[in-house]
Amino acid sequence: MCVIRREGSIYIDQCSYLETVIEHFGMTNAKYARTPLPHGYTPMPNEGKVDPQLHTQFQQIIGSLLYIMLGTRPDIAFAVTKLAQFVANPSKEHLDKAKYILCYLADTARYALVYKGASNKGLIAFTDSDYTADPVKHRSTTGYLLKIANQLAV
């Protein structure tokens with residue numbers, strides 16, 4: 001993680017780790033994606049048998065994405081947690097969508113969290129929910145956004 005203080009702002013990124021992850025999974029020359037997941041994509045459970053090789057690769061990618069997401073990339077939180085639900089028995093489609101997130105990250109590798117201390121904004125919070133939005137288990141979905149010191153992702 002890289003932390004830089006410049007002109008009253010603090011910039012936090014994981015660019016070098018992200019580049020290592022993209023290279024490790026062979027996505028260096030992949031076509032860029034403009035969003036973390038394709039519009040309207042809804043992952044469904046895999047009813048087939050567990051493929052050990054696919055299972056291991058999917059777990060590795062999801063683990064790396066979770067580390068990036070928790071550190072400095074909240075923009076991929078929805079996509080990563082949605083796919084992480086299927087880590088016990090992933091399908092080829094799940095693996096492809098995890099790689100799709102890597103394509104998005106390759107396109108946005110230089111993004112950083114920026115905290116503007118001079119903004120005097122303090123803590124700002126938003127929340128939303130959707131009743132039975134999950135098409136698989138018919139559970140409600142709740143989301144929230146917290147901003148500290150007018151934090152931006154740039």
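User: How many helices and strands does the protein chain have?
Analyst: The protein chain has four helices and six strands, where helices (H or I, at least four residues) and strands (E, at least two) are DSSP runs, numbered from the N terminus. Please keep in mind that this is a predicted model, in which local features need pLDDT of at least 70 and side-chain atom pairs count only at pLDDT 80 or more, while totals for chains, interfaces and linings use all residues. Residues are numbered from 1 along each chain as its sequence is written, and side-chain values use heavy atoms, with hydrogens and water left out.

User: In what order do the elements run from the N terminus on?
Analyst: Starting at the N terminus, the order is β-β-α-α-α-α-β-β-β-β.

User: What box do the C-alpha atoms fill, and how much of the chain is buried?
Analyst: Taken along the principal axes, the C-alpha atoms fill a box of roughly 55 × 40 × 20 Å. Of the 154 residues in the protein chain, 34% are buried; buried means under 20% relative accessible area, exposed means over 50%, and partly exposed lies in between (1.4 Å probe, protein chains only).

User: And what about the accessible surface of the whole chain?
Analyst: The accessible surface comes to about 9700 Å², and 54% of that belongs to carbon and sulfur atoms. Such areas come from the Shrake-Rupley method with a 1.4 Å probe, and for residues only the protein chains shown count as cover.

User: Which residues form the nonpolar patch on the surface?
Analyst: The patch is formed by L123, Y144, L146 and I148, which together have about 490 Å² of accessible area. Patches are made of residues with over 30% relative accessible area and no salt bridge, with like charges joined within 9 Å and nonpolar side chains (Val, Leu, Ile, Met, Phe, Trp, Tyr) within 5 Å.

User: Which strand gives the most to the patch?
Analyst: That is strand β5 (residues 141-148), which gives three residues, and I148 lies in this strand.

User: Switching topic, how many salt bridges does the structure hold?
Analyst: The structure holds three salt bridges, each being a side-chain nitrogen of Lys or Arg within 4 Å of a carboxyl oxygen of Asp or Glu. In one of them, the side chains of E19 and R110 meet at 2.9 Å, N to O. This pair links distant parts of the chain, since E19 is in helix α1 (residues 15-24) and R110 is in the loop between α4 (92-107) and β3 (113-116), 91 residues apart.

User: Which residue does R73 form a salt bridge with?
Analyst: R73 pairs with D75, and the closest N and O atoms are 2.8 Å apart. R73 counts as buried at 3% relative accessibility, while D75 counts as partly exposed at 29%.

User: And where do K92 and D96 lie?
Analyst: Both lie in helix α4, four residues apart, which is about one turn of the helix. K92 forms a salt bridge with D96, with the closest N and O atoms 2.8 Å apart, and D96 is partly exposed, with a relative accessible area of 35%.

User: What does K99 touch?
Analyst: Not counting residues up to four places away in sequence, K99 touches M27, Q57 and I61. K99 lies in helix α4 and counts as partly exposed at 22% relative accessibility.

User: Last one: where does E7 lie, and what is its phi near?
Analyst: E7 lies in the loop between β1 (2-6) and β2 (9-13), and its phi is near 50°, a positive value in a residue other than glycine. E7 is also exposed, with a relative accessible area of 79%.

Technical notes:
Contact = heavy atoms within 4.5 Å.
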